[in-house]
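Here's a walk through one protein model, strand by strand and then ligand by ligand. Have a look at it first, and then we'll start at a hairpin.

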Amino acid sequence: MISMNEAVDRVISRAHPLPQESVAFVDAVGRVVAEDFVAPRPHPPFAASVMDGYAVRSADCPGVMTLIGASRAGAPMRGSGNTSIQPGQCAYITTGAPLPPGADAVVPSEECRVDGGTVSIDANVDAGKWVRPVGFDIKAGETLVPAGSLVGAHEVGIVAAAGGGEICVHRKPKLALLSTGDELAEAGEVEPDASSGRIYDANRPMLAALAKTSGVDDVLDLGRAVDDPGALASLVARAHAEGCDVLVTSGGVSEGDRDYLKEVLLGEHGGGIEGEVHFGRVMMKPGKPLTFAEVQSKTDCGGNKMLVFALPGNPVSAAVTFHLVVVPTLRRMMGWRDPRLRRVHVVVSSDLKLDPERPEYHRATLDWQEHTRHLPAAHSTGKQVSSRLTSMRGAEVLMELPRGPGMVAKGTVVSALVIGNLSSASVQLPAISPEVVR
Ligand SMILES: Nc1nc2c(c(=O)[nH]1)N[C@H]1C(S)=C(S)[C@@H](COP(=O)(O)OP(=O)(O)OC[C@H]3O[C@@H](n4cnc5c(N)ncnc54)[C@H](O)[C@@H]3O)O[C@H]1N2
Ligand code: MOO
């Protein structure tokens, strides 16, 4: 059986960045830039004041100057005849307004005495003081958003400041989702009778939400399928025919007499598809039967290959394996340069029993406490059985625990993969001033 690290390597080696497309910059949030976005013009496009005050010729200061006009943001100084500042003259100016020709500095209004039509300044003023020259913030031709960057709100603002336009980004993958199992009922539907052996489908809504939080919005919902090989084959074929880049299924990949998915992916049950299963078991917990395959049309062998992740049916196994292998795949297709989950070090906050047979991804929430110094404390989410989905509640990391025997003692530092949004993690540290850091 391969290790999880080997599984991730195999998956990433078969996921390729999708072709690029141009989108309006406001629609590029969450996308990865495929070609550098370069500033077409400088910012500011004119020398601009940093303060509300008076635009002067520095050589005139200290001194008394005649006020000849005003330059306001959006309303540069204009006038009949000569609008440039001559020796002995100055102009009122607001923050962001163009510096009038002839002036080379700005003096804040608090440092000026205004008396009718004259302005007195008592101190020396350096040329360039309180002025942002042309291109001070952004130079023309400067790379504003380099290829490989993930576009967020700040990048949108930067591109807007440069005049907006289209950004060249990688296409996002189209993902199909399918739950399998005779026992599944749709959440929200009438409660199944306990004697029917039916349970609600937790995986599809959860995986759809995980796809969304991973940045994928084009999702083909294939619904729930009964454990019938022909029906499964035609649904896999449909996902391929509809141009899905990735298909994620759950259930039906273990050893039961109705676990047909591996055979279906190999093309043994029709549907006009054939496939290659790259691995069908991984030495890890939870999610040992995790299966990864590539499927293509039998009649068009040179056509697109769809990556298929057949996740185990147990809901925790489905969630954990989605994070471990599907998220890096989606990231790679969206153009991420480093698509792997981020690894951090954490301090275990209670004794944890190791699994004697398989390395385990133990779910935990984090909090930063003074006594753990610079590392966060990781609190187990409790019983880790793969059917107990509440062990995923609030989970921010998957601690990478080795195979047993024995335990990991409270206070031990272990590595953990980040699956949550750490900006909402519980942080209890006092602020540190720079002197303390030194
Ligand atoms: N003889 C063996 N049996 C099992 C093995 C094994 O190695 N040998 N592996 C076990 C492990 S580990 C796992 S994990 C499960 C995975 O099995 P499947 O992927 O075939 O999943 P199912 O049997 O279809 O379902 C397992 C479990 O999960 C429930 N389930 C399925 N789908 C959903 C859903 N959409 N929402 C909520 N719950 C779901 C299902 O009812 C079962 O209880 O196999 C072990 N067996
Ligand atoms: O690998 Mo399974 O997820 O232990 O139940």
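Cys112 stands opposite Ile121 in S9. That pair belongs to S8 and strand S9 (residues 118-121), which are antiparallel partners over four bridges; strands count as paired if DSSP finds at least two bridges between them. Together S8 and S9 make a hairpin with two residues between them, and Gly116 in the turn has a positive phi of about 60 degrees. Strands here are DSSP runs of E with at least two residues, helices are runs of H or I with at least four residues, and both are numbered from the N terminus.

Before going on, a word on the model. It is predicted, so local features need pLDDT of at least 70 and side-chain atom pairs count only at pLDDT 80 or more, while totals for chains, interfaces and linings use all residues. Residues are numbered from 1 along each chain as its sequence is written, chains are lettered from A and ligands numbered from 1 in the order in which they are written, and side-chain values use heavy atoms, with hydrogens and water left out.

**Two sheets**

At the S7 end, strand S4 (residues 53-56) pairs with S7 in the antiparallel sense over four bridges, and Ala55 has Val106 of S7 as its bridge partner.

Another open sheet, also of six strands with mixed pairing, runs S16-S13-S17-S20-S19-S18. Its edges are strand S16 (219-225) and strand S18 (273-279), each with a single partner strand, so one side of each is left without a neighbour in the sheet. S18 is joined to strand S19 (residues 291-297) by six bridges, running antiparallel, with Val277 opposite Ala293 in S19.

UniProt, in an unreviewed entry, places the feature "domain: MoaB/Mog" at residues 176-332; such annotations may be inferred rather than shown by experiment. Over residues 176-332 the chain is 31% helix and 26% strand, with the end C-alpha atoms 17 Å apart.

**Two ligands**

Of the 24 residues around ligand 1, Glu183, Asp201, Ala202, Ser254 and Gly313 come nearest; a residue belongs here if one of its heavy atoms lies within 4 Å. The polar contacts below are pairs of N or O atoms within 3.5 Å.

| Ligand atom | Protein atom | Distance |
|---|---|---|
| Ligand 1, nitrogen | Asp201, polar side-chain atom | 2.8 Å |
| Ligand 1, oxygen | Val253, polar backbone atom | 3.0 Å |
| Ligand 1, oxygen | Lys288, polar side-chain atom | 3.1 Å |
| Ligand 2, oxygen | Lys288, polar backbone atom | 2.9 Å |
| Ligand 2, oxygen | Arg358, polar side-chain atom | 2.8 Å |
| Ligand 2, oxygen | Ser386, side-chain N or O atom | 2.5 Å |

Around ligand 2 sit Pro286, Gly287, Lys288, Asn314, Ser317, Arg358 and Ser386. By class, that shell has one nonpolar, four polar and two charged residues, whereas the shell around ligand 1 has eight nonpolar, nine polar and seven charged. Asp, Glu, Lys and Arg count as charged, Ala, Val, Leu, Ile, Met, Phe, Trp, Tyr, Cys and Pro as nonpolar, and the others, Gly among them, as polar.

Terms used
Polar contact = N/O pair within 3.5 Å; in protein donor to acceptor, adjacent residues only side chain to side chain.
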